[in-house]
Amino acid sequence: MHSPIDVVTGWERAWNAGDADALAALFAEDAEFVNVVGLWWHDRSAIREAHAYGFATIFTGSVITMGAPRVRMLGDAAAVVQSRWHIVGQIAPAGEVAGPRDGIFTFVLERRGDAWITVAAHNTDIAPGMETHINTESGQRAIDYRAL
């Protein structure tokens with residue numbers, strides 16, 4: 001990548017092509033990735049494998065739209081890039097198309113020579129109108145304390 005913001009367009013292009021190899025190529029060999037439910041992968045190979053599985057089962061034919069990136073440079077050789085995302089076409093366990101989802105991606109990039117590479121990423125779902133999650137005997141759910 002020639003610029004830190006290239007990670008956003010690269011992610012969108014790779015996702016919409018269902019291309020786990022292109023997606024993994026955005027990451028350093030020893031990159032870290034935390035997904036929306038806290039699954040944590042510790043290298044490019046694991047990131048590739050997880051997304052190949054997702055493209056074959058959960059996200060077959062899904063389309064992600066990435067929002068305008070926000071970039072914070074951390075000196076000359078590091079950057080944090082954040083972008084909202086919107087996805088349609090996720091497949092539910094019973095095989096029907098699930099509703100759309102929105103979230104925020106955070107990518108941490110490092111300059112290596114003349115190029116940029118992602119060294120860490122964290123993906124977060126947006127729970128509209130909610131403040132936090134709470135665990136109860138019946139499971140986890142998003143809640144808004146102001147509405148209680």
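What follows sets some labels against their definitions.

Reply: This is a predicted model, in which local features need pLDDT of at least 70 and side-chain atom pairs count only at pLDDT 80 or more, while totals for chains, interfaces and linings use all residues. Residues are numbered from 1 along each chain as its sequence is written, and side-chain values use heavy atoms, with hydrogens and water left out.

Me: Why is alanine 56 called exposed?

Reply: Exposed means over 50% relative accessible area, buried means under 20%, and partly exposed is in between (1.4 Å probe, protein chains only). Alanine 56 has a relative accessible area of 58%, so the residue is exposed. Its place is in helix α3; helices are DSSP runs of H or I with at least four residues, strands are runs of E with at least two, and both are numbered from the N terminus.

Me: What span is expected of helix α3, residues 44–56?

Reply: The expected span is 1.5 Å times one less than the number of residues. Helix α3 has 13 residues, and the expected span is 18 Å. From first C-alpha to last, α3 reaches 18 Å, close to that value.

Me: How do you know which side of α3 the buried residues are on?

Reply: The buried residues are Ile47, Ala50, His51, Gly54 and Phe55. They cover an arc of only 135° around the axis, which puts them on the same side of α3. The arc is taken from the directions from the helix axis to the C-beta atoms. Glu49, Tyr53 and Ala56 are exposed on the other side.

Me: What do the buried residues of α3 pack against?

Reply: They pack against α1 (6–16), α2 (20–24), β1 (27–34) and β2 (40–41). Contact means heavy atoms within 4.5 Å.

Me: Why does aspartate 144 count as buried?

Reply: Aspartate 144 has 14% relative accessibility, which is under 20%, so this residue counts as buried. Aspartate 144 is found in the segment after β9 (139–143). Not counting residues up to four places away in sequence, it touches Gly129, Met130 and Glu131.

Me: What makes a nonpolar core, and how many residues has the largest?

Reply: A nonpolar core is a set of buried Ala, Val, Leu, Ile, Met, Phe, Trp, Tyr and Cys residues joined through side-chain atoms within 4.5 Å. The largest has 29 residues, and Trp11, Phe27 and Phe107 have the most contacts inside it. The largest share, 5 residues, comes from α1.
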